[in-house]
Amino acid sequence: MKAFMDKDFLLSTEMAKHLYHEIAEDLPIIDYHCHLNPQEIYEDRQFENITQVWLGGDHYKWRLMRSAGVEEKFITGDASDREKFQKWAETIGLAVGNPLYHWSHLELRNYFGYDGILNGDTAEEVWQLCNEKLKVLSARKLIEGSNVKALCTTDDPADSLEWHKKIAEDESFGVKVLPSYRPDKAMGIEKADYLDYLKRLGEIGSFSQLVEVLKRRLAFFVSFGCRVSDHGMEAVPYAPATADEVEAIFQKRRAGVLPTASEEKQFKTALLLELGREYHRLGVVMQLHFGVTRDNSRRVFRALGPDAGVDSIGDAPSIKELAAFLGALDDTGELPKTILYSLNPNDNAALVTVMGAFQTGEAVSKLQHGSAWWFNDHKAGMIEQLTTLAADGYLAGFVGMLTDSRSFLSYARHEYFRRILCELIGSWVENGEYPNDESALRTIVEGISIKNAERYFGL
Ligand SMILES: [Zn+2]
């Protein structure tokens, strides 16, 4: 029997161990998509206790605790931080096969030097140890200690980027913290507070003015080093409309009337196409996240708002519409570098084949299948994503892992990913499916670990 999570965790063959320990392990990290708060980075936030770090906003953990039958009082309610930690420790102690089990133990090892096992019995010892260590840990120390070279936060176009500016001017901190452009609110014409949001962007009287303002904000983001945009949506829309039709939909919304479903789709198609062309012109990567059904429990949503652990995988989005959307940009040579993420793992093969239809010599893997996302961010999900990309696309060009996290401890997920990557490629070599060619293997593993991302995002 192998030891529990030892140095060869997830590495079962000599080749896998070689690829991981000799090539991947010590490479720096580029975290090209996360939700860290730049103000907390600038102010070098510290945490009072491990519950604040681990359970403060982590809805992955909340839903696991609910599944284990923990009362809400101990999850998001008014129980003390120590009581919440106890319930978490009892929950995780039995969460066999769940990635949170592995992530939590990697974090305990990497950041707190704890080699033991977290469960209800050890909760007090872990609580004491972590809280003691947290006295000397901080946001910046955690980022630097994780060997992060650059990270991309997620920001609204109306954001002043004041914290990014301050971080860039602070010579004591060597990690690049770049903004990412996420105009979901500008796309959200169906939302009740849409007109209030528009006011945050300025005086906007027409659709063409909206496009102009969003382009100006994008240029502002680019002046701060922004290399990537992001869109979250249920499905990538494609419903072409004339300029007059789109303007009429926008004017109707300005007059306070909500759009019909088809008008909403026409508006979103038009705006996303405009932005896509601009991303191409400025060399900004376009990320599209879709396939989610959000806020399924209205009861929890009413109490806690969004991102409370009650989202799920949605119906398969329309591959036909996604392909038509990408095709519309490709038609005029204005398709930007694009990363596709569907939360529905059933879409993986379809996405990779759609990508293949639009690849060009403009970049290595100009279209990318994003790293196994959210409910797929686990061992089986990663193996599935990597295997499909290898079989139907070009794994060697993959930009690799991101954390998509709000926590400063989540860099352990890059380690988790690299171990799984090395195990998978190592197994192909061990099995005679790929030659034991050190130079090629190094190019592939270094590429997926960091170099492809550096090249793709121009960092
Ligand atoms: Zn995200």
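This report walks through a few helix contacts, strand pairings and backbone details of the structure above.

Keep in mind that this is a predicted model, where local features need pLDDT of at least 70, side-chain atom pairs count only at pLDDT 80 or more, and totals for chains, interfaces and linings use all residues. Residues are numbered from 1 along each chain as its sequence is written.

Let's begin with the helices. Helices (H or I, at least four residues) and strands (E, at least two) are DSSP runs, numbered from the N terminus. Two packed helices are described by the angle between their axes and the distance between the axes. Here, axes are lines fitted to C-alpha atoms, for helices over the stretch in contact, and angles run from 0 to 180 degrees between N-to-C directions.

| Helix pair | Angle | Axis distance |
|---|---|---|
| α1 (14–24) and α19 (412–430) | roughly 135 degrees | within 7 Å |
| α13 (243–254) and α14 (261–282) | about 115 degrees | 10 Å |

The α1 and α19 axes cross at roughly 135 degrees, which makes α1 oblique to α19. (Under 35 degrees is roughly parallel, over 145 roughly antiparallel, 65 to 115 roughly perpendicular, and the rest oblique.) This crossing is right-handed, while α13 passes α14 in a left-handed one. Left-handed says that the near helix is turned anticlockwise from the far one by less than a right angle, and right-handed that it is turned clockwise.

Who touches whom? Residues are in contact if their C-beta atoms, placed from the backbone, lie within 7 Å. On the α1 side you'll find Met15, Ala16, Leu19, Tyr20 and Ala24, and their partners in α19 include Arg418, Cys422, Ile425 and Val429. That contact divides into eight nonpolar, two polar and four charged residues. For this sorting, Ala, Val, Leu, Ile, Met, Phe, Trp, Tyr, Cys and Pro count as nonpolar, Asp, Glu, Lys and Arg as charged, and the others, Gly among them, as polar.

In the other pair, Glu245, Val246, Ile249 and Phe250 of α13 meet Glu263, Gln266, Phe267 and Ala270 of α14. By class, the contact of α13 with α14 has five nonpolar, one polar and two charged residues.

Now for the strands, which pair if DSSP finds at least two bridges between them. An open sheet is built from three strands in the order β1-β2-β3, with parallel pairing. Its edges are β1 (29–31) and β3 (176–178), each pairing on one side only. Three bridges link β1 to β2 (residues 148–152), and Ile30 has Ala150 in β2 as its bridge partner.

Over in β5 (residues 285–290), six of six residues are buried. Buried takes 20 or more other C-beta atoms within 10 Å of a residue's own, exposed 12 or fewer, and partly exposed lies in between, with C-beta atoms placed from the backbone. Val285, Gln287 and His289 point one way from β5, and Met286, Leu288 and Phe290 the other. Five bridges join β5 to β4 (residues 228–232), running parallel, with Val228 opposite Val285. Another neighbour, β8 (residues 338–342), is also joined to β5 in parallel by five bridges, and there His289 stands opposite Tyr341.

Most residues other than glycine have a negative phi. Met5, in the segment before α1, has a positive phi near 45 degrees. Asp44, in the loop between α2 (38–42) and α3 (50–55), has a positive phi of about 55 degrees. Met5 counts as partly exposed because it has 16 C-beta neighbours inside 10 Å; Asp44, with 15 other C-beta atoms within 10 Å, is partly exposed too.

Methods. Two residues are in contact if their C-beta atoms, placed from the backbone, lie within 7 Å.
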